[in-house]
Structures are given as structure tokens and as C-alpha cells.
Amino acid sequence: MTEKQSNKKVIILIAALVIAAIAMFGIYKVFMPKGQTGAKKITVTVVHADESSKDFTYQTDEAYLGDVLKAEKLVEGTEGEFGLFITSADGETADESKEQWWCITKGGEMLNTSADQTPIEDGDQFELTLTEGY
């Protein structure tokens with residue numbers, strides 16, 4: 001095989017990978033969980049480093065958890081490519097030197113979405129737990 005043929009195969013492979021990545025992103029956008037519109041009531045429990053917890057109940061028309069948490073000023077964070085990265089909740093800031101971070105769970109089950117991508121429905125219960133160790 002000549003060098004020209006080898007380069008052509010590499011370019012075709014890269015193009016195919018890019019097309020596959022774009023297709024996967026499109027599929028995700030179409031099938032990602034959608035937030036429910038209209039009035040709803042949710043509860044967010046913040047579990048601090050000392051294991052104390054505090055419940056916050058909100059009436060909202062928002063469709064996603066991140067919008068509620070930011071509107072109610074319960075959390076602070078930075079916006080990244082995956083949405084809101086929570087750095088502080090209920091006045092407690094995660095200490096990066098201790099590898100602390102805020103874990104979002106729903107009914108005790110860890111979520112695979114950021115707060116901004118987590119849809120909410122009436123009656124949902126979420127937990128924000130200060131977790132140590134990556």
C-alpha cells in the first residue's frame with residue numbers, strides 16, 4: 001500500500017468518526033429527557049459535610065432542576081460544557097483540595113445528568129450531597 005492510499009484511509013476513518021459523533025449527539029438531543037411544563041412542587045435536600053441535612057421545598061413552573069436551584073439561590077457554580085457544575089449549596093462550598101464535590105441524586109439514585117439537564121416533575125425529591133473523593 002502506498003503512503004497516499006494510507007493517508008486517504010486515515011482521512012476517511014476520521015471523517016466517519018466525526019459523522020458518527022454528530023449523529024450520536026443528534027440522537028441524544030432528540031431522546032434526552034424533557035422537563036415537564038406547568039406548576040409543580042419539588043423538594044431538594046442538601047446533605048452537608050457534617051452529615052446534617054436541610055430540606056427545601058419549591059413551587060415552580062421551571063422544567064429543569066438547575067433553573068430552580070439558580071433562581072432560588074440555593075446553589076452557586078460554574079457553567080461548563082455539560083451545564084452547571086455546583087461548587088456550593090446552602091452556603092457550603094466544596095473544598096477541591098479534599099476532592100469534594102456536590103453529588104445530585106433523585107430518590108437516592110445518582111443522576112447521569114447535570115442540574116441543567118435534569119428534568120423535573122411534580123413531587124420529585126432530589127438530594128445534593130457533599131461528597132469526598134473523585
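**Exercise 1.** Is strand 1 (residues 40-47) largely enclosed by the rest of the structure or largely open, and why?

*Solution.* A quick note before we start: this is a predicted model, where local features need pLDDT of at least 70, side-chain atom pairs count only at pLDDT 80 or more, and totals for chains, interfaces and linings use all residues. Residues are numbered from 1 along each chain as its sequence is written, and side-chain values use heavy atoms, with hydrogens and water left out.

Now take the burial cut-offs: buried is under 20% relative accessible area, exposed is over 50%, and partly exposed lies in between (1.4 Å probe, protein chains only). Strands are DSSP runs of E with at least two residues, and helices are runs of H or I with at least four, numbered from the N terminus. Six of the eight residues of strand 1 are buried, so the strand is largely enclosed.

**Exercise 2.** Find the pairing partners of strand 1.

*Solution.* Pairing takes at least two DSSP bridges between two strands. Start with strand 2 (residues 53-60): it runs antiparallel to strand 1 over eight bridges, with V46 bridged to K54. Then go to strand 8 (residues 125-132), which is parallel to strand 1 and joined to it by five bridges; here V44 sits opposite F126.
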